[in-house]
Amino acid sequence: MKKIFIAFLLFTLSLFARGDAVILVYHHVSTTTPLSTSVTPSTFKKHLDYLKNNGFTVLPLRTILNTLKQKKDLAPKSIAITFDDAYNSILHNALPLLKEKGYAFTVFVNTQSINASYKNILTWDELKVLQNHKGTIANHTSTHPHMVRYLKDESTKEWESRITLEITKAQKILKEKLGVSNKMFAYPYGEYNKGIKNILQNLGYDGLAQQSGAIGQTLNTLEIPRFPMATNYSNMKRFATSVNSKQLPVKNVNIGPKILLQNETNKYFFSYELIEGNYMKEQLACYSSSGEKLLLSLNDMKVKIKLPLWSAGRKKINCTAPSKTQKGVFYWYSQLWLVKHNDGTWYKE
């Protein structure tokens with residue numbers, strides 16, 4: 001009887017497993033690279049010092065994702081550190097600081113850049129050095145394409161085959177060169193759509209995005225948010241807000257079409273239903289990626305927002321609500337849209 005009670009208790013607790021985590025994404029850690037994708041080594045050090053001095057637990061990304069999938073409790077204030085594109089500043093400028101703290105991290109690699117010895121990109125031997133110091137290497141495609149875009153005269157079937165090969169070819173090379181077996185995948189440019197998510201799901205991967213937000217027990221494994229860290233978004237006030245954030249739990253999400261034309265964006269709505277939590281729903285606010293506060297309707301737990309009239313590019317809406325019990329802590333949820341020019345052409349980087 002006692003065993004039955006204990007089993008029941010453990011099962012009950014598993015239904016109420018707690019914990020949120022934040023995933024950070026960096027590219028360059030350098031003073032000589034583009035500001036839009038860089039933090040300076042001094043800023044990166046300040047970030048790590050903040051984590052160390054404020055009770056954060058830095059864990060391997062795989063550990064966090066597995067814990068949430070298994071509905072187990074996470075360590076309080078859990079953080080994962082990730083890098084996209086395998087720039088050599090990770091080795092030269094970030095690794096010494098990470099080693100000093102003993103922090104694990106993940107680097108998402110597009111394999112062609114390594115094989116072709118692109119400038120400022122790590123070599124296979126240098127990636128092994130990262131692996132030897134708590135670094136996990138993971139898949140970022142073979143050639144780093146805009147995955148949502150079709151080639152000229154390409155059919156949907158041909159597109160699916162090409163995108164699938166981008167992932168499986170990279171994984172094969174990562175396995176051969178570095179023994180990589182994890183199935184974590186970061187979307188190049190943070191771009192994805194339903195078709196890409198279906199491919200990832202069929203291949204058994206988790207999909208890491210670049211829209212902001214924390215993760216928790218309502219984790220969507222194909223749209224895992226990460227807080228991008230770059231010069232315009234890396235000051236310490238913003239960093240503290242990011243790493244202390246929690247997941248705004250939602251369900252029944254409807255974003256309309258993921259890919260839109262400029263002149264049709266404000267014809268669509270973004271809607272979802274809130275799940276009860278330790279946040280003040282009456283103070284829910286949603287912002288466009290430009291910082292514009294958006295008008296929203298809140299009917300009981302149902303939220304509806306009309307999309308702004310956007311210019312071409314990657315566009316996001318971030319929704320936040322303050323915690324009921326923790327001052328300065330916000331519950332956060334974000335979504336991404338891809339907006340083409342009115343003539344159907346894609347925006348340039």
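Over the ring of which residue does the charged end of Arg149 sit? The charged end of Arg149 sits over the ring of Tyr347, 5.1 Å from its centre.

## Basis of the model

This is a predicted model, in which local features need pLDDT of at least 70 and side-chain atom pairs count only at pLDDT 80 or more, while totals for chains, interfaces and linings use all residues. Residues are numbered from 1 along each chain as its sequence is written, and side-chain values use heavy atoms, with hydrogens and water left out.

## Charges over rings

A charge is taken to sit over a ring if NZ of Lys or CZ of Arg is within 6 Å of the ring centre and within 35 degrees of the ring normal. Besides the placement of Arg149 over Tyr347, the charged end of Lys304 sits over the ring of Phe269, at 4.5 Å from the ring centre.

## Aromatic pairs

Rings of Phe, Tyr and Trp (its six-membered ring) pair if their centres lie within 6.5 Å; planes under 30 degrees apart count as stacked, over 60 as edge-to-face and the rest as tilted. The count by this rule is 18 aromatic pairs. One of them is the tilted pair of Phe44 and Phe83, with 6.0 Å from centre to centre and 55 degrees between the planes. This pair links distant parts of the chain, 39 residues apart: Phe44 belongs to helix H2 (residues 41-53) and Phe83 to strand S5 (residues 78-84). Helices (H or I, at least four residues) and strands (E, at least two) are DSSP runs, numbered from the N terminus. Both Phe44 and Phe83 are buried, where buried means under 20% relative accessible area, exposed over 50%, and partly exposed in between (1.4 Å probe, protein chains only).

Phe185 and Tyr205 have ring centres 6.5 Å apart and planes at 75 degrees, so their pair is edge-to-face. Phe185 lies in strand S8 (residues 184-186) and Tyr205 in the loop between helix H8 (194-203) and strand S9 (206-208), so the pair ties together parts that are 20 residues apart in sequence. Phe185 is buried at a relative accessible area of 0%, and Tyr205 is buried at 5%. Elsewhere, one aromatic cluster is formed by Phe270, Tyr272, Trp310, Tyr333 and Trp337.

## Packing of H6 and H7

Helix H6 (residues 124-131) and helix H7 (residues 156-178) have axes that come within 11 Å and cross at roughly 75 degrees. The axes are lines fitted to C-alpha atoms, for helices over the stretch in contact, and angles run from 0 to 180 degrees between N-to-C directions. H6 and H7 are therefore roughly perpendicular to each other (angles under 35 degrees count as roughly parallel, over 145 as roughly antiparallel, 65 to 115 as roughly perpendicular and the rest as oblique).

Trp124, Leu127, Lys128 and Gln131 of H6 make the contact with Ile173, Leu174, Lys177 and Leu178 of H7, contact meaning heavy atoms within 4.5 Å.

## Thr136 in strand S7

Thr136 is in strand S7 and is partly exposed, with a relative accessible area of 26%. Leaving aside neighbours within four places in sequence, Thr136 is in contact with Phe105, Thr106, Val107, Asn182 and Met184. Thr136 and Leu178 are 42 residues apart in sequence and 9.9 Å apart in space, C-alpha to C-alpha.

## Positive phi angles

Most residues other than glycine have a negative phi. Ala86, although not a glycine, has a positive phi of about 60 degrees; Ala86 is found in the loop between S5 and helix H4 (89-101) and is buried, with a relative accessible area of 0%. Asp153 also has a positive phi of about 60 degrees without being a glycine. Asp153 is placed in the loop between strand S7 (135-139) and H7, and counts as exposed at 73% relative accessibility.
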